[in-house]
Amino acid sequence: MELLDGKKLSNEIQDEIALEVQKMKERGEKVPHLAAIIVGSDGASLTYVNAKVNACKRVGFESSEYRMSSNTSEIELLAKIEELNNNDDIDGFIVQLPLPPQINTQKVLLAVSADKDVDGFHPTNFGKMSLDMSSFIPATPFGILEMLERYNIPTKGKHTCVIGRSYIVGRPMSILMGRQGFPGNSTVTLTHEFTKNITQITSQADIIIIAVGIPNFLKAEMVKDDAVVIDVGITRVPDETKPKGYRITGDVDFENVSQKASYITPVPGGVGPMTIAMLLKNTLLAREEHRARSNAK
């Protein structure tokens with residue numbers, strides 16, 4: 001069994017991006033600028049946005065953070081998004097999810113300019129991705145693809161089972177793993193909470209990508225020998241023995257599944273760091289596209 005070390009890979013990718021940024025500076029070009037809007041004070045969201053800000057500093061990006069109170073109205077948030085859409089200094093921005101209940105998430109995601117949607121959630125980007133056109137790929141699926149590629153894990157002709165059908169991970173992952181090229185060319189089964197006989201499906205899969213948010217959902221008996229297991233889940237489980245009063249747990253029963261898998265991601269330290277690295281990569285891409293459009297005018 002080999003660990004898919006997302007932390008190590010993320011650091012490598014960030015070093016590569018930092019080198020590109022250094023070249024931009026030497027050419028006298030504007031460096032990429034990533035902004036984040038965070039509404040409310042969700043602990044996990046704050047931690048994630050802080051990690052993004054620190055990653056920006058590391059690679060030499062400019063970064064901005066816009067914090068709004070949990071009672072922010074939908075109109076106020078949409079106005080802030082429009083402001084960032086029209087700010088030429090900002091190359092890409094994200095609206096951190098989840099949003100408070102008074103705000104329609106779909107309306108917010110639609111409001112973000114597709115050219116600055118480095119999260120890859122806008123229907124224009126999702127549609128382009130589905131058609132194998134150049135687009136911003138959602139950061140977590142993008143990170144998983146990069147991980148498969150850099151570890152040179154064969155995907156052609158393999159059976160990939162995706163557990164979870166969110167538009168952030170499951171659905172895009174099922175499309176990307178079935179596309180032409182590498183990673184891709186696999187036969188994909190998309191499963192979810194209503195899938196019958198799920199063990200029958202997962203136990204035939206060569207690659208399992210799980211994102212359901214249920215701690216230890218995937219058990220050893222659901223996995224065949226030498227399967228590749230990618231765990232996107234991250235849940236804070238109460239644990240009085242830990243200093244913070246909780247432990248971070250994935251969707252996979254890591255202790256037992258790791259005995260059978262050929263490759264497996266740890267939680268934490270697997271997919272999470274890759275998500276941040278690919279968000280930076282999307283922002284770099286956005287800067288390059290904005291520069292190309294400006295030069296074409």
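What we have here is a predicted model, in which local features need pLDDT of at least 70 and side-chain atom pairs count only at pLDDT 80 or more, while totals for chains, interfaces and linings use all residues. Residues are numbered from 1 along each chain as its sequence is written, and side-chain values use heavy atoms, with hydrogens and water left out.

Rolling a probe the size of a water molecule over the atoms shows where empty space is left. On a 1 Å grid over the protein atoms alone, a cavity is a set of points where a 1.4 Å probe fits but cannot get out, whereas a pocket is an open set with protein on both sides within 12 Å along at least five of seven lines, and lining residues have an atom within 4 Å of a point. Grid points are joined across faces, edges and corners, and a volume is the space filled by probe spheres set on the points.

Let me start with the cavities. The search of the whole structure finds 2 cavities of 30 Å³ or more. The largest cavity holds about 50 Å³ of space, and strand E4, residues 92–95, contributes the most to its lining, with 3 residues. Among the residues that line this largest cavity are Phe93, Ile94, Val95 and Asp117. As for classes, Ala, Val, Leu, Ile, Met, Phe, Trp, Tyr, Cys and Pro count as nonpolar, Asp, Glu, Lys and Arg as charged, and the others, Gly among them, as polar; the lining of the largest cavity then divides into 6 nonpolar, no polar and 2 charged residues.

The second largest cavity has about 40 Å³, and helix H2 gives the most to its lining, with 4 residues.

What classes of residue line the second largest pocket? The lining of this pocket, which holds about 240 Å³, has 1 nonpolar, 5 polar and 7 charged residues, and its largest share, 4 residues, comes from H10.

Conventions. Helix = DSSP H or I, 4+ residues; strand = E, 2+ residues; numbered from the N terminus.
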